[in-house]
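I opened this notebook page to record, entry by entry, what I looked up in the model and how I read each value. The sequence and the structure come first, and my notes follow.

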Amino acid sequence: MDVLPVVWFVAIAALWIGFLVLEGFDLGVGMRVLFAARDERERRTMLNTIGPVWDGNEVWLITAGAALFAAFPAWYASLFSALYVPLTITLLALIARAVAIEFRGKVHDDRWRRVWTWALGLGSLVTAFCVGAMLAITSTGLPIDANGDRVGGPFVWLGWPTVLGGLGLVGFSLVHSATFLALKTDGLIRQRARRFAGTWAPVLLAPAVAWAVWVQLAHDSGWIPWTLVALAAAGAIAGWLAARAGREGLSFAGYAAFIVCGAASIFVGMFPYVLPSTLDPAHGLTAWNASSGDYTLTVMTVVAAVGLPIVIAYQAWSYWIFRQRLTPGMMPEPHTFLPAILREKPPV
């Protein structure tokens with residue numbers, strides 16, 4: 001058995017899990033600006049909690065996609081061509097979200113901010129749903145033939161697994177972001193976020209639990225993935241109880257453990273498949289028949305061994321530097337900034 005394809009299957013699973021943990025609260029904060037803030041100061045406070053880290057969190061998504069392309073080109077080709085429509089929608093949502101974060105504070109105008117607030121909230125919602133749907137399809141399968149080509153129309157991917165995955169990531173993002181805001185803010189935002197995480201978690205996390213159980217039943221998994229499912233459930237319960245007790249750090253850790261163990265159970269449960277076929281199991285892509293050659297995987301392993309610790313260290317440093325709590329009182333009144341190119345230059 002070739003070891004490198006297994007190593008890179010584990011590496012890609014780790015990249016996706018890192019994305020879910022970090023971008024989960026990031027996307028959730030973007031959604032929560034639509035309903036959880038009472039005024040503009042509170043919206044700006046919420047956005048400032050993710051301001052220093054949101055673009056760094058998206059590196060995990062880019063790296064996961066790039067690693068998929070390089071390590072498993074057949075998996076990348078079959079998945080991305082079959083999901084061309086939802087992936088295009090995801091890309092547009094990511095663009096709208098990023099532009100909204102950068103642009104909404106550039107003009108002191110209520111209508112301007114309202115438009116970009118909706119772009120941020122809807123962009124975050126669509127991104128979370130589509131990424132969750134894509135991961136669910138990867139784990140439950142697509143109608144692909146012996147060549148790895150999709151059989152059926154452009155929306156053949158749409159089904160119950162898709163909805164469960166999409167709702168699962170949306171629900172987790174909302175809960176995870178509530179615990180993040182409870183850690184990063186103070187005052188009324190903190191109180192409402194803590195109350196939200198301790199009230200709505202059982203409902204919002206249910207689709208993700210159903211998705212993980214679906215994968216184990218579909219792949220007739222062994223005891224290891226089922227153990228991970230149990231640990232994920234324990235993490236969710238611990239996070240919920242901690243949120244109700246006002247233990248924000250433990251609550252955040254519990255919900256993070258939920259997604260780590262839950263996503264790990266899905267990847268372990270589907271192995272050795274990377275993209276099952278719902279037409280014929282023999283047509284499914286595995287870690288071995290979808291991978292690149294040994295030389296490519298060896299070079300990638302060396303590069304990752306050098307680069308990944310640097311990325312992790314830099315992100316950890318960023319979170320440590322910006323660890324202080326924020327309050328609406330720290331936010332200055334909105335005002336218009338004149339771009340430097342338009343400012344009057346002093347006489348020479």
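Entry 1: I found Arg-113 in helix H7, where helices (H or I, at least four residues) and strands (E, at least two) are DSSP runs numbered from the N terminus. I also looked up its separation from Ser-139, which is 26 residues away in sequence and 39 Å away in space, C-alpha to C-alpha.

I am working with a predicted model, in which local features need pLDDT of at least 70 and side-chain atom pairs count only at pLDDT 80 or more, while totals for chains, interfaces and linings use all residues. Residues are numbered from 1 along each chain as its sequence is written, and side-chain values use heavy atoms, with hydrogens and water left out.

**Entry 2: two further arginines.** I looked up Arg-97 next, which sits in helix H6 (residues 84-103) and counts as buried at 0% relative accessibility. Which residues does Arg-97 touch, not counting those up to four places away in sequence? Taking contact as heavy atoms within 4.5 Å, I listed Glu-23, Asp-26, Leu-27, Ile-50, Trp-54, Glu-58, Ala-119, Leu-120, Gly-123 and Ser-124.

Arg-44 belongs to helix H2 (residues 40-50) and is buried as well, with a relative accessible area of 17%. I noted that Arg-44 and Met-331 are 287 residues apart in sequence, and that their C-alpha atoms are 7.2 Å apart in space.

**Entry 3: Phe-19.** I located Phe-19 in helix H1, and at 2% relative accessibility this residue counts as buried. Leaving aside neighbours within four places in sequence, I found Phe-19 in contact with Gly-24, Asn-57, Trp-60, Leu-61 and Val-131. Between Phe-19 and Thr-185 there are 166 residues of sequence separation and 23 Å in space, C-alpha to C-alpha.

**Entry 4: H4 against H13.** Two packed helices are described by the angle between their axes and the distance between the axes. The axes I used are lines fitted to C-alpha atoms, for helices over the stretch in contact, and the angles run from 0 to 180 degrees between N-to-C directions. Helix H4 (residues 59-71) packs on helix H13 (residues 294-321) at about 175°, with the axes 12 Å apart. H4 and H13 are therefore roughly antiparallel to each other, on a scale where angles under 35 degrees count as roughly parallel, over 145 as roughly antiparallel, 65 to 115 as roughly perpendicular and the rest as oblique. On the H4 side, the contact is made by Trp-60, Ala-67, Ala-70 and Ala-71, and on the H13 side by Thr-296, Leu-297, Met-300, Ile-312 and Gln-315.

**Entry 5: H9 against H10.** Helix H9 (residues 188-199) and helix H10 (residues 201-219) have axes 5 Å apart and pack at an angle of about 55°, which makes H9 oblique to H10. I found Phe-196, Ala-197 and Thr-199 of H9 in the contact, together with Ala-201, Pro-202 and Leu-204 of H10.

**Entry 6: the buried side of H5.** In helix H5 (residues 73-82) I recorded Trp-75, Ser-78, Leu-79 and Ala-82 as buried. They lie on the same side of H5, because they cover an arc of only 90° around the axis, the arc being that of the directions from the helix axis to the C-beta atoms. Their cover includes helix H1 (4-32), H4, H6, helix H7 (110-140), strand E1 (273-275) and strand E2 (285-286).

**Entry 7: a cis peptide.** I noted a cis peptide bond joining Phe-271 and Pro-272, with omega about 10°. Pro-272 lies in the loop between H12 and E1.

Methods
Buried < 20%, exposed > 50% of the residue type's maximum accessible area, 1.4 Å probe, protein only.
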